[in-house]
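Subject: Structure handover and what turned up in it

Hi there,

Here is the structure I promised to pass on.

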Amino acid sequence: MTRPTEPGHGRPDPSLTAVMNERRQLINLAYRLLGSLADAEDAVQETYARWYAMSHQQQEAIRSPGAWLTTVASRICLNLLSSARVRRETYVGEWIPEPLPEPTEWISGRSDATTIDPADRITLDESITMAFLVVLESMTPAERVAFILHDVFRYSFAEVGDIVGRTPAACRQLASSARRRVRATQTPATSTAPRVDIVRDFKQAWEAKDINALIGLLDPNATAIADGGGIVGAVLHPIEGAEQIVRSLIHLEGRLRNLTILERTVNGQPGLIAQQDGVTVSVYAFDVVGDRIKRIWAVRHPDKLRPWTVGRL
């Protein structure tokens, strides 16, 4: 998207600098609301399209362009969430939110592999972990929007009500319901250093095909969920139990030739990627509870791997 210019001068319009500077905030908001970077980019693009469709006089009449953009983007996301629920009911296999790499490892996915503008990168924090995003998927669209706007982005319920078209009291109830969902799935946090060590040990055991070591790193009731979007060989249902998960991992490693497992940051947490001939074919996110891995999310859908570095060893 090109930056608008002043009529007849061909220079950037300084009055719209603030509008363009909102892009990162909007991308961060839309990704948390939608769980998909592609959908978030589309939502923000549509938001700006609506801004530029207005006349200069209409734009000047808007007291707070940033608030206007946030309102429009949130409403677009709310509509997308409603339609996404319908799409995901017919999705082939399990649907997992799109995983994000560390900003320094992320590319645009364009054919020329141009690095994404830093202003468009997602800020990684506790509201972006895979475990948190998965919980968000269990919420209704209204719950998710109210919760994210209030609890994550700190909008007042009066502001949230203006955005979603509900009363502040109704938004408070929606956020409270969403909060209960989060609390019901929360597990004792494991600090970063032990998580790194556990994921690293898992990687080494996987590479060594050390079945006993792998089983020892997994909670006996661990769950692995894979999102292949219906591609050939995709796992269509969750895998329950440590032994069954290990059996699947060993089978995958044996089926794919030249599979290289690398440590990476996945949604702000220690994770792994699998590369085949230098191309990322899988991304693994982990939920570590105590000294065991409780959940594994494996993403193989090609459309969800586009931000990931290709060929980095």
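How many of the 10 residues of β1 are buried? Eight of them are, so β1 is largely enclosed by the rest of the structure. Buried here means under 20% relative accessible area, exposed means over 50%, and partly exposed is in between, using a 1.4 Å probe and protein chains only. Helices (H or I, at least four residues) and strands (E, at least two) are DSSP runs numbered from the N terminus.

Before you go further, please note that this is a predicted model: local features need pLDDT of at least 70, side-chain atom pairs count only at pLDDT 80 or more, and totals for chains, interfaces and linings use all residues. Residues are numbered from 1 along each chain as its sequence is written, and side-chain values use heavy atoms, with hydrogens and water left out.

**Around β1**

Two strands count as paired if DSSP finds at least two bridges between them. β1 pairs with β6 in the parallel sense, over six bridges, and with strand β2 (residues 239–240) in the antiparallel sense, over two bridges. A224 has a bridge partner in each of these: I296 in β6 and I239 in β2.

**Salt bridges**

Side chains of opposite charge can pair when their charged atoms come close. Searching the whole structure gives 10 salt bridges, each being a side-chain nitrogen of Lys or Arg within 4 Å of a carboxyl oxygen of Asp or Glu.

- D227 bridges to K304, with the closest N and O atoms 2.4 Å apart. This pair links distant parts of the chain, since D227 is in strand β1 (residues 218–227) and K304 is in the segment after β6 (292–299), 77 residues apart. D227 is buried, at 0% relative accessible area, and K304 is buried too, at 8%.
- R200 bridges to E263, and their closest N and O atoms are 2.9 Å apart. R200 belongs to helix α10 (residues 192–207) and E263 to strand β3 (residues 259–266), so the bridge ties together parts that are 63 residues apart in sequence. R200 is partly exposed, at 32% relative accessibility, and E263 is also partly exposed, at 31%.
- E207 and K203 meet in a salt bridge of 3.0 Å, N to O. Both lie in helix α10, four residues apart, about one turn of the helix. E207 is partly exposed at 39%, whereas K203 is buried at 14%.

**The largest pocket**

A pocket is an open set of points, on a 1 Å grid over the protein atoms alone, with protein on both sides within 12 Å along at least five of seven lines; lining residues have an atom within 4 Å of a point. The largest pocket has a volume of about 770 Å³, a volume being the space filled by probe spheres set on the points, which are joined across faces, edges and corners.

Its lining has 31 residues, and E126, T129, A131, F132 and Q186 lie nearest the centre. Elements that each supply at least two lining residues include α6 (130–137), α7 (141–152), α9 (168–185), β4 (269–276) and β5 (279–289).

**Cysteines**

How many disulfides does a search of the whole structure find? Zero, taking a disulfide as a pair of cysteine sulfur atoms within 2.5 Å. C77 is buried at 1% relative accessibility, and C171 is buried at 0% relative accessible area.

Happy reading!

Conventions
On a 1 Å grid over the protein atoms alone, a cavity is a set of points where a 1.4 Å probe fits but cannot get out, and a pocket is an open set with protein on both sides within 12 Å along at least five of seven lines; lining residues have an atom within 4 Å of a point.
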